[in-house]
Amino acid sequence: MATTDAIIDSCLEAIGESDTTNPVLMTRAKVLALCNSIYIDVMKKVRALATYSYDGSDANHTITNGVGTLPTDYLMMHRVYDGDAPDDYPLNWIKSIDDKVNDTDTTTQFMIPDSQTLWIFGKTPTNTVKIYYYKKPTALTDAGSSTPTLLDEKFHVGVKGIFEAGVKAEYAKRDNSTYDQLDMLALYQDLLDEIGAYHNRNKVDDDTNLIVNMYGGCDVG
């Protein structure tokens, strides 16, 4: 697994930098910032699931008048429950405030008005509100102790190095190399799609599905 400082070295070498310690084509700080931005794009494909309960343990874990604070590592929502599965149905996501139910109705809806806030409608839940969400990664640093642990190492550096592809696309844009930029953006998107397929495939077990035969025994699914 590549460390972040080594990934930054590879990115700088990929744009033609001969001295990765004191680069002139792009600073290490700039490459690090790009790597963190790329890592966010990657996590939208990896979709690492986390949970968060509004159990009233502190202000951040409390729903007040239908409003709660999203966890600090929130990236995208998966499900919201007034309670939890399988006993309760997930709340319906609404995009427009015009679609909300009355505040005094049963809690059946949620809305994300910004990247920090959860709204629920009706405003008084029956149970503890629980969310399943996709989380942001821990920010990378230019150090040997830092590594993009949520991304499989095959995509860290080399032929499938997503960070190198993203940095090269940015460098081509700055260099006004339009065709190079388009080529690298196409590669970048292809790698993101491959990352999504690879990581989500790894979340499914490889056991053969068995279907119970009503006459006895099992059939292969």
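## Thr72 and its loop

Thr72 is exposed, with a relative accessible area of 79%; exposed means over 50%, buried under 20% and partly exposed in between, computed with a 1.4 Å probe and protein chains only. Thr72 sits in the loop between β2 and β3. Strands here are DSSP runs of E with at least two residues, helices are runs of H or I with at least four, and both are numbered from the N terminus. Between Thr72 and Tyr134 there are 62 residues in sequence, and their C-alpha atoms are 12 Å apart in space.

The model is predicted: local features need pLDDT of at least 70, side-chain atom pairs count only at pLDDT 80 or more, and totals for chains, interfaces and linings use all residues. Residues are numbered from 1 along each chain as its sequence is written, and side-chain values use heavy atoms, with hydrogens and water left out.

## The three-stranded sheet

An open sheet is formed by three strands in the order β1-β7-β3, with antiparallel pairing; two strands pair if DSSP finds at least two bridges between them. Its edge strands, each pairing on one side only, are β1 (49-54) and β3 (74-82). From one strand to the next, the twist averages 25 degrees, where axes are lines fitted to C-alpha atoms (for helices over the stretch in contact) and angles run from 0 to 180 degrees between N-to-C directions.

Seven bridges join β3 to strand β7 (residues 129-135) in the antiparallel sense. Tyr74 stands opposite Lys135 in β7.

## The four-stranded sheet

Four strands make up an open sheet with mixed pairing, in the order β2-β6-β5-β4. The edge strands are β2 (67-69) and β4 (92-93), each of which pairs on one side only.

Strand β6 (residues 117-121) pairs with β2 in the antiparallel sense over three bridges. Here Val67 lies opposite Trp119 in β6.

## Aromatic pairs

A pair of aromatic rings is described by the distance of the centres and the angle of the planes. Rings of Phe, Tyr and Trp (its six-membered ring) pair if their centres lie within 6.5 Å; planes under 30 degrees apart count as stacked, over 60 as edge-to-face and the rest as tilted. By this rule the count is six aromatic pairs. One of them is the edge-to-face pair of Tyr81 and Tyr132, at 6.0 Å centre to centre and 80 degrees between the planes. Tyr81 lies in strand β3 and Tyr132 in strand β7, so this pair ties together parts that are 51 residues apart in sequence. Both Tyr81 and Tyr132 are buried.

Trp119 and Phe121 also form an edge-to-face pair, with 6.4 Å centre to centre and 75 degrees between the planes. Trp119 counts as partly exposed at 28% relative accessibility, whereas Phe121, at 4%, counts as buried.

## Overall form

The protein has four helices and nine strands, which run α-α-β-β-β-β-β-β-β-α-α-β-β from the N terminus on. Its radius of gyration is 22 Å, well over the 17 Å that the globule rule gives for 221 residues, so the protein is more spread out than a compact globule. The radius is taken over C-alpha atoms, and the globule rule is 2.2 Å times the number of residues to the power 0.38. Along the principal axes, the C-alpha atoms fill a box of roughly 65 × 55 × 35 Å.

Of the 221 residues, 38% count as buried.
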